[in-house]
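Subject: Structure handover

Hello,

Here is the structure for you to look at. My notes on it follow below.

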Amino acid sequence: MAAPEETLRRRKAGNSGPEPETPPESGRDPTGCPAHLRTGTFWLTRIVLLRALAFIYFVAFLVALHQNKQLIGDRGLLPCRAYLESVRRYFQGRGGWDAVSYAPTVLWLLDWSHMNANLDALALLGLGVSSFVLVTGCANMVLMATLWVLYMSLVNVGQIWYSFGWESQLLETGFLGIFLCPLWTLSRLPTGTPPSQIVLWGFRWLIFRIMLGAGLIKIRGDRCWRDLTCMDFHYETQPVPNPMAYLLHQSPWWAHRFETLSNHFLELVVPFFIFLGRRLCILHGALQILFQVVLVISGNLSFLNWLTMVPSVACFDDAALGFLFPSGPGGLKDRVRKMQEEADRGARLTLRYGCVVRQAVHVALGILVAWLSVPVVLNLLSPTQVMNTSFNSLRIVNTYGAFGSITKERTEVILQGTASPNASAPDAVWEDYGFKCKPDLRAQRVDHSPGRQAPGQRQGGSVPTGLQPFQGQGPPQVGPGRALQVQVQPPGGPACCGRQVVGPEEDRPLLPPTQPARPGGLLPVPRLAAPGAGVEAVPGQCAEE
């Protein structure tokens with residue numbers, strides 16, 4: 001009986017004997033240092049991937065909301081209603097499924113009499129869903145599939161406005177994102193559904209094809225990529241040079257040679273690092289993201305560059321991305337560490353029916369991607385390689401490439417219009433339209449032969465200041481444009497106006513002089529007569545400005 005009483009007295013005293021060993025603090029190893037995440041898991045990788053993809057979707061739907069009515073709306077330049085009607089006429093007699101499979105879009109199910117409202121509804125719904133995923137980091141297959149269907153519905157009726165390659169790249173990236181998530185659960189760490197290795201390798205296969213395709217199209221294309229002189233011209237002739245482009249353009253010749261060699265290394269050699277183990281795979285992801293950041297700084301293809309960073313995230317595991325998350329107890333990083341410890345102790349997830357189905361779906365996805373990759377790989381190996389091409393209407397697996405040829409001279413097109421009722425009259429005043437992301441060349445006086453007010457010359461030398469110079473003056477007539485040969489100018493140079501970094505050298509007509517065919521305008525809106533059958537002018541309709 002004495003022993004228990006003695007033990008009780010020692011407990012009350014508190015200092016009579018050594019303290020029992022306490023478990024280490026959460027998130028720390030036995031030495032008291034912060035515990036590190038183990039390699040080989042991708043819980044945090046999925047969160048970063050989903051948020052990055054949601055950000056790209058958000059920008060894409062915001063752009064669609066801003067400009068779709070003017071491009072493919074009821075009175076747009078290429079109305080999508082006319083396009084869908086042409087597709088339906090083309091497949092008449094062979095069932096509605098042929099038309100839907102040729103141009104899959106939810107617009108087939110909606111009322112075409114209010115197409116502007118339909119386009120806005122798709123864009124707003126996409127904005128709402130992508131905003132939720134971006135802010136919370138939570139997603140499921142239903143939400144990601146919704147984003148993919150909405151954007152595919154816009155791309156497949158966008159015609160030339162949605163045919164630049166990055167739309168298909170976003171759809172392929174978004175399609176893989178569907179299978180990265182659980183079916184219903186909205187949780188950042190859904191413990192029952194770990195990220196699938198098959199889906200992660202799908203993202204890696206995507207970035208591999210993007211970079212290798214871009215490298216091969218350059219080597220097989222313009223000779224300047226082989227003699228290392230392309231960067232002598234690229235900064236000046238890329239879509240929209242920025243002030244940094246001017247500074248890079250002024251680099252010495254050896255710097256441009258180094259840039260071209262670095263491009264070949266990053267696009268032709270680095271992609272194979274993906275298959276050479278964890279460390280080189282992480283190095284590949286870091287180099288490709290850094291490469292895209294440099295391209296964002298030096299040019300204006302930023303949407304494509306940010307989009308290309310997304311599949312590169314799949315090259316990193318939780319241990320590599322842990323620095324992006326706080327280390328406090330109860331946080332995402334700490335929860336992942338505990339899940340890793342449970343797995344190390346032999347704890348395994350219960351194999352349920354849903355898990356079996358999910359694994360079967362992932363295997364089917366891998367087989368589908370492999371099957372659809374056959375023509376893509378054949379295209380990569382072909383000496384007549386094509387770039388930015390889709391081999392199916394769902395755009396699941398596509399071929400990519402960029403800058404297979406480099407323009408040696410930069411030409412800017414200036415579109416002009418007049419509010420004069422008689423466009424051919426000598427006193428008709430033609431004014432320039434301004435466009436976002438286009439160099440401002442309107443401050444340059446253009447003089448033509450005396451005695452005639454030609455397109456480009458302004459009465460009294462006045463310079464229009466607005467983006468739409470004919471607001472409130474009725475429908476203007478759009479005339480043949482002019483082309484200016486331009487050069488990159490220093491940000492503070494005499495040719496600059498505001499943010500203008502391009503100055504004109506010579507002026508020439510882009511189209512031969514044309515008399516107005518009707519009061520509606522000089523250039524009719526083209527419509528698609530049939531899929532792949534060219535365009536057909538439609539009398540009596542002009543584009544909405």
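**Salt bridges**

D334, R337, K338 and E341 are linked in a network of salt bridges; a salt bridge is a side-chain nitrogen of Lys or Arg within 4 Å of a carboxyl oxygen of Asp or Glu. This is a predicted model, in which local features need pLDDT of at least 70 and side-chain atom pairs count only at pLDDT 80 or more, while totals for chains, interfaces and linings use all residues. Residues are numbered from 1 along each chain as its sequence is written, and side-chain values use heavy atoms, without hydrogens and water.

Helices (H or I, at least four residues) and strands (E, at least two) are DSSP runs, numbered from the N terminus. Both D334 and R337 are buried; buried means under 20% relative accessible area, exposed over 50%, and partly exposed in between (1.4 Å probe, protein chains only).

The whole structure has 9 salt bridges. Another pair is E172 with R209, where the closest N and O atoms are 2.2 Å apart. E172 lies in helix α7 (residues 166-178) and R209 in helix α8 (residues 197-220), so this pair ties together parts that are 37 residues apart in sequence. E172 is buried at 2% relative accessibility, and R209 is buried at 3%.

D222 and K408 also form a salt bridge, at 3.2 Å, N to O. D222 is buried at 14% relative accessibility, whereas K408 is partly exposed at 38%.

Regards
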